[in-house]
Amino acid sequence: MTLKDCYAQLEGDYEDVLFRLKLEERVQKFAIRFIADRSFADLQKALQENNAEEAFRAAHTLKGTAQNLGFTALYEEAYDMTETLRVRKIEEAKTLRPQMEECYKRTVQALKLLESEQKNPQ
């Protein structure tokens, strides 16, 4: 899988992020680092604890990271979550969680496949 293929699989904007970061190696480096990002886990925890303030902060961080990395589908999900939590609608935010979680998992799965193929080229 190429980096461009990975972006297609996770519904990302490869061309935009490449334009901003200039080098494919740099895009790949930061994209793979996203796997270890804690924002989504922090969001899940805050939603479970009904902590709208922390949930908002985590969703906002995730939104920014997804946007900067060109993860368009995830950005859109995080945007909706952020705007819902901006006005502290925690119960409504919880209804958005399953769809966002599915998108997040698809993103991480594609990135892990890219990372695996990078480490073990055929």
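Predicted model: local features only at pLDDT ≥ 70, side-chain atom pairs only at ≥ 80, totals over all residues.
Residues are numbered from 1 along each chain as its sequence is written, and side-chain values use heavy atoms, with hydrogens and water left out.

Arg86 forms a salt bridge with Glu83, the closest N and O atoms being 3.0 Å apart, where a salt bridge is a side-chain nitrogen of Lys or Arg within 4 Å of a carboxyl oxygen of Asp or Glu. Across the whole structure, 11 salt bridges are found, and a network of them links Glu53, Glu54, Arg57 and Arg88. Within helix H5 (residues 52-68), Glu53 and Arg57 lie 4 residues apart and form a salt bridge at 3.6 Å between the closest N and O atoms. Glu53 also meets Arg88 in a salt bridge (2.6 Å, N to O), a pair that links distant parts of the chain, 35 residues apart, with Arg88 in the loop between helix H6 (72-86) and H7.

In helix H3 (residues 24-33), Val27, Gln28, Ala31 and Ile32 are buried, that is, under 20% relative accessible area, against over 50% for exposed and in between for partly exposed (1.4 Å probe, protein chains only). On the other side of H3, Glu25 and Arg33 are exposed. Gln28 counts as buried at 15% relative accessibility.

Key. Helix = DSSP H or I, 4+ residues; strand = E, 2+ residues; numbered from the N terminus.
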